[in-house]
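Hi,

Here is the structure I promised to pass on. My notes on it follow below.

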Amino acid sequence: MVPMSGRTTALVTGANKGIGYEIAAGLGALGWSVGVGARHDQRREAAVERLRAAGVDAFGVPLDVTDDASVDAAARLIEERAGRLDVLVNNAGIAGDMPQEPTRVDPAIIRTVVETNVIGVIRVTNAMMPLLRRSASPRIVNMSSSVGSLTRQSGTAAGRTAGPVAVAYAPSKTFLNAVTLQYARELSGTNILINAGCPGYVATDLNGFQGVRTPAQGAAIAIELATLPDDGPTGQFFEDAGVVPW
Ligand SMILES: NC(=O)c1ccc[n+]([C@@H]2O[C@H](COP(=O)([O-])OP(=O)(O)OC[C@H]3O[C@@H](n4cnc5c(N)ncnc54)[C@H](OP(=O)(O)O)[C@@H]3O)[C@@H](O)[C@H]2O)c1
């Protein structure tokens, strides 16, 4: 048995840039040890160096969420380093190629987006589950989007609609929300809290930097959900302003 680290250990997927980088920075600022999950060696190591320069106890975790072997190796790396995992932030995500109008979309785009945004989350979560179960207060945060809210997409929430028509990206987040609920149901009665978070419209590569919020602002909800108290909510969907309707 590997000795357990005394330090809170988190893994953030897709942490080399954008919102994920800022989640790693925010959790690191709490004094936590933070695994920077990223698939490209150079980008990952550059992020780890930047975080360390800012005083974060960051370590690189080679990780492609679409690849079983990569995810299994990531779990082994964390086990060897910390012996357990306290917080998993499933942040890695893609928008997918456009156009995504339903009537002319290439189904391959939908498969690719779902593979990363949904199956990838399930793959990583399940690989990390034995390590999470060793934590006193495990938390899982799935980075979703309000464009996955069927209520908002259908315009019934005070007339709000969300985002452009995108039959791959938006439903992938609806799927992810549904998956989050299923995990919460299975894990009810355990100490594992799992929630979905929406960062708002953030200026990152994902949207060609069209977003209006900073990555640090987008990271705030994930940090809040990663640090929920033991009696905190589970199986819910939040943004900074509160609960997002499914
Ligand atoms: N930006 C927004 O307005 C917005 C709004 C709502 C929700 N979100 C969600 O927030 C999360 C972060 O997005 P972002 O805006 O920060 O986008 P981003 O800057 O494009 O970052 C996405 C991250 O995910 C990583 N990634 C993608 N596919 C991966 C894979 N197969 N394996 C491992 N890592 C992978 C990327 O790594 P590479 O550098 O290797 O590509 C990158 O680190 C996503 O889940 C996104 O859907 C964003």
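Let me start with the ligand: one of its oxygen atoms is 2.8 Å from a polar backbone atom of Val202 (a polar contact is a pair of N or O atoms within 3.5 Å; within protein, one must be able to donate a hydrogen and the other to accept it, and residues adjacent in sequence count only if both atoms are side-chain atoms). Before I go on, please note that this is a predicted model, in which local features need pLDDT of at least 70 and side-chain atom pairs count only at pLDDT 80 or more, while totals for chains, interfaces and linings use all residues. Residues are numbered from 1 along each chain as its sequence is written, and side-chain values use heavy atoms, with hydrogens and water left out.

An N or O atom in the side chain of Tyr169 lies 2.6 Å from an oxygen atom of the ligand, and a backbone N or O atom of Ile19 is 2.9 Å from a ligand oxygen. Taken alone, the ligand exposes 890 Å², of which the protein buries 95% (areas by the Shrake-Rupley method with a 1.4 Å probe). In total, 30 residues surround the ligand, Asn16, Arg43, Asn91, Tyr169 and Thr204 being the closest (a residue counts if one of its heavy atoms lies within 4 Å). That shell divides into 11 nonpolar, 13 polar and six charged residues (Ala, Val, Leu, Ile, Met, Phe, Trp, Tyr, Cys and Pro count as nonpolar, Asp, Glu, Lys and Arg as charged, and the others, Gly among them, as polar).

Next, the helices (DSSP runs of H or I, at least four residues; strands are E, at least two). Tyr21, Ala24 and Ala25 in α1 meet Ala47, Arg50 and Leu51 in α2 (contact means heavy atoms within 4.5 Å). The residues of this contact are five nonpolar, no polar and one charged.

Finally, the backbone. Met98 and Pro99 are joined by a cis peptide bond, with omega about 5 degrees; Pro99 sits in the loop between β4 and α4. Phe209, in the loop between β6 and α7, has a positive phi near 60 degrees.

Best wishes
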